[in-house]
Structures are given as C-alpha cells and as structure tokens.
Protein chains: 2
Amino acid sequence: MSEAEALEKIEKARRARRGRFSLNEERITLNHGAGGKASSVLVEGLFAEAFGMGVLEDAARLPQDLVLTTDSYVVDPIFFPGGDIGSLAVHGTLNDLATSGAEPLALSLGVILEEGFPLADLRRIVQSAADACRSEEVRIVTGDTKVVPRGKCDRIYLNTTGVGLIRHAHQLSLGAARPGDSVLISGPIGDHGITVLVARGDLHLDLELVSDSAPVTRLARALVEGLEELHCLKDPTRGGVATSLNEIAAASGVAVALEEDALPIRPPVAGACELLGIDPLHVACEGRLLAIMPSYLAEKALDIARTFEPRAALIGTILEKPEGTVFLRTRLGATRVLDMLAGAPLPRIC
Amino acid sequence: MSEAEALEKIEKARRARRGRFSLNEERITLNHGAGGKASSVLVEGLFAEAFGMGVLEDAARLPQDLVLTTDSYVVDPIFFPGGDIGSLAVHGTLNDLATSGAEPLALSLGVILEEGFPLADLRRIVQSAADACRSEEVRIVTGDTKVVPRGKCDRIYLNTTGVGLIRHAHQLSLGAARPGDSVLISGPIGDHGITVLVARGDLHLDLELVSDSAPVTRLARALVEGLEELHCLKDPTRGGVATSLNEIAAASGVAVALEEDALPIRPPVAGACELLGIDPLHVACEGRLLAIMPSYLAEKALDIARTFEPRAALIGTILEKPEGTVFLRTRLGATRVLDMLAGAPLPRIC
C-alpha cells in the first residue's frame, strides 16, 4: 500500500470514527476524565458551549497580555518516584503557562483533604510544592483548604491556577501549525504515566522508572527567545503525545506524520507499555514539551532543547492532508493512524 | 459588672484560649476545614510558612494592581434553595475579588467528578455557573475536568479561581480597621449556612429558608466609589460574621463591639440556630459584605448598602482594646465574647 493509499484509508477511518463519542451518555465515566476523546467531547459539548469559549488552549489569553490556566490533581498514588502530588501540581500549571509562552506571575493552591489525612503527609506535599515554586522563582500567593468527611475524597486533591504574562510576539496557538513545519519533543516519552501506574503496585513490575515531572519554563523561554518563528508549544500530559498532536492537527487543519524510529522512549517504559498493551504515545508526560516550528529552524530548536535534555528529538513533520490526522511511519515502512486516546487505560495519572 | 471589668475578663479568657489549637494533631479533622480557629492554625502554621505568605487576605495582591483568589467548593447538598454548587462557586470567588476592591477580569473552573455522576446534573450546574457569570459580565475563560472512580469523591467538587484588577486608591486590608470606625453588614446573617444544613434533610425542619448566595460585586463597587474612606471589606463565609470580625480584630490590633439589637437575623434562621445550638454569628453567609469605614461615613455607607438590600445595618464599632477581640453587647446589657468558630458544627456548607 502506497502512502497515498494509506492516507486515503486513514481519512475514511477518521470519518467513520467521527461521532462515535457523543454526549449521549447519561452518566460521567472515567473516560470523560482521561484527557482523550471523551474528555474533549465533554469539554466542547458542555463547558465551551455554556461559557462561550473559543478554541480550547490550555491557558486562556486575557487583556493586557495576561494568561490564566487551571488544573486539578487527583493522582494516585500521591507519592511516586520522581515527585508527588504537590510538585506535580506546581509543574503542571507552570507548564501550561510556559506552553502559552507566558512568564509565571503567581499561582494559587486549592486543597481538598479527606478527614484523617496525616498531617505529616500534608506537610511533605506542601513543602514539595513550595520547593517546586522556589526553583522557578514563582510563588503561591493565595490558597484555600476544604476538609470532607472520611470516604468523600481519596486522601488529597489539589488545584493550582496560574496567572502569567506574555512578553514576546510569537502567535503561539494549537491552530498555528503549518504544512512543512517540524515537530520536536523535548525528551523521552511516557515516563510519568507509566511510573505512576507501576507505583500503584497492582502490576507487580520491578522496573526502574522515574516520573519526568518537571517545569518546562526555562526550555519554553529559550525556544521563545531563541527562535525567529515558533508556531505551537504543548505539554503532552493526559492522553500523551498522540492526543496532543491530534488536538494540534484538528485545530490547525493539518496532518502530523511521526517517524517511529525517531521517538525517544526509554526501554523500561517501552517494556511496560508492551506488557500492558498501551501505546507509549498515549501515555502522559509531565515535564516534556512538544514544539512546532518552520523546518528551517528545526535544527536550531533541537540544539536549544538538547542543552536541557540530550534525548530531545525531531520526531515528525506537518503535512497538508488528511486534515486533522496524526499517523506514524513505522520501522517496517507501514503507516499507522494515531488517534486520540479513546478509553481510560490510565486513570488518575495527574 | 461594668464594661471595663467585662473587657478585662475577656482579655484574660482570650489569653487562656491562645494556644488551645495547635498543629500538634497528627491527622486532619473536619475542624481544619470549618473556616474557624483550627483552619487558621493550619493555614498559618503550615501553608503560610511554606509559601512565605504575609497577612492572609482572601485575595492576594500581585504586581500591576492585579489580585488572585481561589476557592474550592465541596458543598452538600449540591442543589439547595437559592442556588447550587455552580452559582455558589462563581459568587464565592467574585466576592473574594470584590472584597479586595477589584473588578473581576476572568475566572477559571476546575471540576472533579465522581464516576457515575449524572450528566444532566452537570449540565445544570455548568449552566448555573455560566448564568452567574453572565449577570456580572465576567467569563470563565479556562477550565479542567478530572474524573475519579466511584466512592473517591462526593458527586462533584469545584474550584474557581479569579483574577481581578484594582482601579481605586483605597488601601483595603483586614489590618486597616481603626478605633472609632463603624461596622456595616449588607443584609441578614446566616441564611446560606442554615439553608444548606436544613436542605441536607437530617434535621426534618420545615422552615422557609433560602441561601443568600449572590455576588456582592456591585455593592463593593458602589462603596469603593461612593466613600471617601473605606478600611475593610470582607465576606463573612465559613465561620460567619464572628470569625471574619475576629480576623479583622487580630490583623488590625483592635476590638470589635457588636450591638445584638442591631443584628439583622431572619426569624427562621434565628429559630433554626436556637434549635441547633449554633450562634448565627458563626454561620456562613455567601452574599453578604462586612464593611468598615470611619464613623462619619457610616450613614452614607448604610444609604448605599440599603439601595441593594433594605435590611443592611450598622452593627458595631471598632474599639482600641482589648486587642484582637470581638464581643457582643446583648439586649440585657451584658457583654459576651465572640470567639472565632472553634469546632465544625457546619461542615461542607461551601
């Protein structure tokens, strides 16, 4: 099958898939929170309509070059190799500011606690959040604490909301990818999601895994300042790289072609994914950045990214067609469509 | 007993009470979330220290006259007479912006859903939040949805965070009350807390109660613009009027004297409080404003407030001593100290 034939086939499959997820369900399922297709149907079909939102970026632009972004955190377990719910909540919101090209001004922290939660754990989480802020020279300036009776929450849930300021002239947007652009990933894929899943202990796997949870603030700043043109920045969290690129493909009306050979995936992550039957491209990262820029700047972007993480890689190209599609050119020369995450194989990874 | 003697006695009692709540507990209790003394010990002893916060206002001041405020909502039941968790979340955060004298720029909405939550209820709550925004000409510009497995949350929890802009020259602060100032309440006390408690249905009371949940944005704006001097604005939510005034008394180093006769309390609220053994001054309002201004402006402030709600009232005076104390002059001429809310008689009222 030629690539043209493959693309035609993909286009057909895509049309068939449309409408498979709708808001006809009567009750919320775990799928609605997995960050994939059901989440996006819920957000587009309910929230965006009620609040009159436009394209759903991770951070909203306000007057005076301000941006606002919010995330709640329900990760299980709350402590995992490489981080905890406190540092994760700070990194996640800093990263949503960073992908809008904004410098963080301040964060808020909302805490929901289950009655009986150990104060020592709370202290550790709060300290971890404070340390994550300190290293990025940003502060949590306001907060709120609620306590619910035992059994009405799973230990602790957090919300961090960030306000930032855009100080550059790039028009970063999920809708700004153009045919011919290059796709960069700032480091190995899927470490966070797999680490959390394995840390839950149900799988009895003994793998050396560490979450990638980290701020991408400095990398985003370096790309924004170092590149003459930059089209999209996106942190591939819930739903992973494949879901993030599907959002970009849909918003930009383009296709994304990834090269399987170019994808940086650590062996233990690849191994765990194979055992679990999960595509690492659907697994959340919490300290990685997807960047899309004109191809003439791709090597320059890679040089910048490699000063932060040597395994940063150029992983694909933006094509004109089929619009709204992401596909993978495999090692064997085949072409495989990469859809948004459809189910919820990885609940509560953030 | 003369008032001087009474005050002396109060001062002694206050010293004895100090330190009764400390962070020596090993586990979180419902008290830590009730908005009273245990909450403030938790916030001051743990969060403020870790994040290097100063005086804990409801909204934090940022550079460029911006303010940021956050609140999570875990109210039970989620629908109650006069509102629901959606409108409450919008009003609560708008009111925290209003009490800092800020005009709202935008809100964010974080949603945590329990698997199985009816989509129709979600739609109703989202619509109610959107309507609450529309009437105040503010928008929810960004959001986030998480879903947790059945039994890991009680239906729905929300977080709203607001960013606002200060456009006036008043130095509003909980620490700005001065001896001689007057204390205004913008309407009847305790309606929200009692309504929610009764709506839970455990009490089998048949009272005509409606929450006061409402935005105080316009009233705050009218006071800010209409008064030459204004010292404090505060919405008496968790912990009620008594707790809010204790916070002001402590932050300002003053005493607050309330006149029992002047307190506007609806008969069904007073009746329910008597049955339950709760002081209405410890019951949350969600659409009321406490305002403190020099006494020469008290009548002017009252006139402004009465254009919004005819039962607005001047309820007390700021005194020099005993510092950090709130007391009530009763109808019978006695003096009774009003402490911060100490326990958690009213869990999950917001």
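Biologist: Why is B:Asp65 called partly exposed?

Modeller: First, a reminder that this is a predicted model. B:Asp65 has a relative accessible area of 37%. Buried would need under 20% and exposed over 50%, so B:Asp65 falls in between and counts as partly exposed.

Biologist: What makes its pairing with B:Arg61 a salt bridge?

Modeller: The side chains of B:Asp65 and B:Arg61 come to 3.1 Å, N to O. The cut-off is 4 Å, so the pair passes. B:Arg61, at 46% relative accessibility, is partly exposed too.

Biologist: And B:Asp76, buried or exposed?

Modeller: Buried: its relative accessible area is 18%, and the limit is under 20%. B:Asp76 forms a salt bridge with B:Arg155, with 3.0 Å between the closest N and O atoms. B:Arg155 itself is partly exposed, at 25%.

Biologist: What makes you say that this pair links distant parts of the chain?

Modeller: Look at where the two sit. B:Asp76 is in the loop between strands S2 and S3 of chain B, while B:Arg155 is in the loop between strands S6 and S7 of chain B, 79 residues apart. In chain A, salt bridges with shared partners join A:Asp76, A:Asp154, A:Arg155, A:Arg200 and A:Arg348 into one network.

Biologist: How do you know that A:Arg329 and A:Glu259 form a salt bridge?

Modeller: Their closest N and O atoms are 2.7 Å apart, and the rule asks for 4 Å or less. A:Arg329 belongs to strand S13 of chain A and A:Glu259 to strand S10 of chain A, so the pair ties together parts 70 residues apart in sequence. A:Arg329 is partly exposed at 22%, and A:Glu259 is partly exposed at 28%. Over all chains, the rule gives 38 salt bridges.

Biologist: How many of those salt bridges run between chain A and chain B?

Modeller: The count there is 4. A:Asp71 forms a salt bridge with B:Lys146, with the closest N and O atoms 3.6 Å apart, which is still within the 4 Å cut-off. There are also 24 residue pairs in polar contact across the interface.

Biologist: Which parts of chain A supply the side that touches chain B?

Modeller: Helices H2 and H4 and strands S2, S5, S6 and S7 of chain A each supply at least two residues. S5(A) gives the largest share, 10 residues. By type, that side of chain A divides into 40 nonpolar, 19 polar and 16 charged residues.

Biologist: How much area do chain A and chain B bury between them?

Modeller: About 6,400 Å², with 68% of it on carbon and sulfur atoms. A:Ile28, A:Phe51 and A:Leu119 supply 11% of the area that chain A buries against chain B, more than any other three residues. The contact takes 75 residues from chain A and 74 residues from chain B.

Biologist: How do you know that the copies meet through the same surface?

Modeller: Of the interface residues of chain A, 99% are interface residues in chain B as well, so the surface is the same.

Biologist: What makes the two copies related as by a two-fold axis?

Modeller: Chain A superposes on chain B by a rotation of 180° with 0.0 Å of shift along the axis, at an RMSD of 0.0 Å. The copies are therefore related as by a two-fold rotation axis. Within chain A, A:Cys153 comes closest to that axis, its C-alpha lying at 2.2 Å.

Biologist: Back inside chain A: why is A:Ser213 called buried?

Modeller: Its relative accessible area is 8%, and under 20% counts as buried. A:Ser213 lies in the loop between helices H5 and H6 of chain A.

Biologist: What makes A:Ser213 and A:His91 a polar contact?

Modeller: Their side chains are joined at 2.9 Å, inside the 3.5 Å limit. Leaving aside neighbours within four places in sequence, A:Ser213 is also in contact with other residues, including A:Gly82, A:His192 and A:Glu286.

Biologist: One more: why does A:Pro104 count as buried?

Modeller: A:Pro104 has a relative accessible area of 17%, again under 20%, so the label holds. A:Pro104 is found in strand S5 of chain A. Beyond neighbours within four places in sequence, its contacts include A:Leu94, A:Val138 and A:Thr217.

Definitions and conventions: Residues are numbered from 1 along each chain as its sequence is written. Chains are lettered from A and ligands numbered from 1 in the order in which they are written. This is a predicted model: local features need pLDDT of at least 70, side-chain atom pairs count only at pLDDT 80 or more; totals for chains, interfaces and linings use all residues. Side-chain values use heavy atoms; hydrogens and water are left out. Contact means heavy atoms within 4.5 Å. Buried area is the accessible area (1.4 Å probe) that two parts lose on being put together, summed over both. A polar contact is a pair of N or O atoms within 3.5 Å; within protein, one must be able to donate a hydrogen and the other to accept it, and residues adjacent in sequence count only if both atoms are side-chain atoms. Helices (H or I, at least four residues) and strands (E, at least two) are DSSP runs, numbered from the N terminus. Ala, Val, Leu, Ile, Met, Phe, Trp, Tyr, Cys and Pro count as nonpolar, Asp, Glu, Lys and Arg as charged, and the others, Gly among them, as polar. Copies are superposed by least squares on the C-alpha atoms of residues with pLDDT of at least 70 in both. Buried means under 20% relative accessible area, exposed over 50%, partly exposed in between (1.4 Å probe, protein chains only).
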